[in-house]
Amino acid sequence: MTTWIPMEKKCAVCGNTHTYHVLASTNSFGAPDLDLRPAPMQRETMEGWLEECPECGYIAKDIRERPENRTVFQEERYLTADNIPFESALAARFYKYHLYCESIGDVKGDFYALLHSAWACDDADDIENARRMRREAVRKIDAIIKEHPENETNTLLMKADILRRSGEFDQVIALYEGMHFEEPLLDQIRMFQIERAKAHDDGCYTVAEVTGQE
Ligand SMILES: [Zn+2]
């Protein structure tokens with residue numbers, strides 16, 4: 001069960017106080033998707049991953065914390081979310097957070113904001129913008145691998161899924177056919193991605209669907 005607690009918080013940018021709903025607890029049921037998108041129960045919590053001030057539009061994990069860059073929130077591209085016609089306000093919120101992270105050089109925050117925007121688009125059946133978010137996210141992922149080489153295999157598998165789900169089938173085949181992962185499950189996922197890419201399938205799959213276990 002997902003539990004929310006109402007909490008009064010003062011915005012660090014404009015100083016206005018509003019009630020935000022903070023996540024108290026959740027249970028995740030089911031297997032995550034191949035890009036680590038959580039199962040539906042936990043996905044409902046995405047509304048609480050970022051807070052958005054209704055007065056000034058400031059977006060942060062905690063609205064009380066001062067931003068490293070204040071000017072980005074007044075920029076046209078931030079205010080309009082680059083004029084992207086998102087079907088979901090949540091997707092637009094993650095996209096704006098990506099613009100902020102990009103402006104302060106937070107590579108990891110930037111990448112995940114784009115990926116989370118794609119997930120919110122998935123849930124809103126906003127297929128075109130889900131693809132667009134994944135294409136933008138995948139351009140950042142090599143920098144993540146460089147920064148966190150200890151997670152290279154997992155990040156590479158996430159990259160394979162993002163590429164395939166944005167329709168870049170040839171890239172998946174070209175990049176992953178020559179690879180091999182030590183861990184049998186991870187190598188099974190790699191081969192699954194190649195097989196699905198060859199079938200020009202950009203669909204969503206869970207880890208359980210790859211292994212055949214529920
Ligand atoms: Zn504010």
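I take helices as DSSP runs of H or I, at least four residues, numbered from the N terminus. The model I am working on is predicted.

Entry: helix pair. I looked up helix α6, residues 152-165. D161 and R164 both lie in it, three residues apart, about one turn of the helix. Their side chains meet in a salt bridge, at 3.0 Å from N to O. I then checked burial. D161 is buried at 1% relative accessibility, and R164 is buried at 0%.

Entry: I found a salt bridge between the side chains of K9 and E51, 2.9 Å from N to O. This pair links distant parts of the chain: K9 sits in strand β1 (residues 3-10) and E51 in strand β3 (residues 51-52), 42 residues apart. K9 is buried at 4% relative accessible area. E51 is buried too, at 7%.

Entry: another pair. R196 forms a salt bridge with D201, and their closest N and O atoms are 2.9 Å apart. R196 counts as buried at 18% relative accessibility. D201 is buried at 14%.

Entry: cysteines. How many disulfides are there? I noted zero. The cut-off is 2.5 Å between cysteine sulfur atoms. C204 is partly exposed, at 34% relative accessible area. C11 is buried, at 3%.

Terms used. Residues numbered from 1 in each chain as written. Predicted model: local features only at pLDDT ≥ 70, side-chain atom pairs only at ≥ 80, totals over all residues. Heavy atoms only, no water. Buried < 20%, exposed > 50% of the residue type's maximum accessible area, 1.4 Å probe, protein only. Salt bridge = Lys/Arg side-chain N within 4 Å of Asp/Glu carboxyl O. Helix = DSSP H or I, 4+ residues; strand = E, 2+ residues; numbered from the N terminus.
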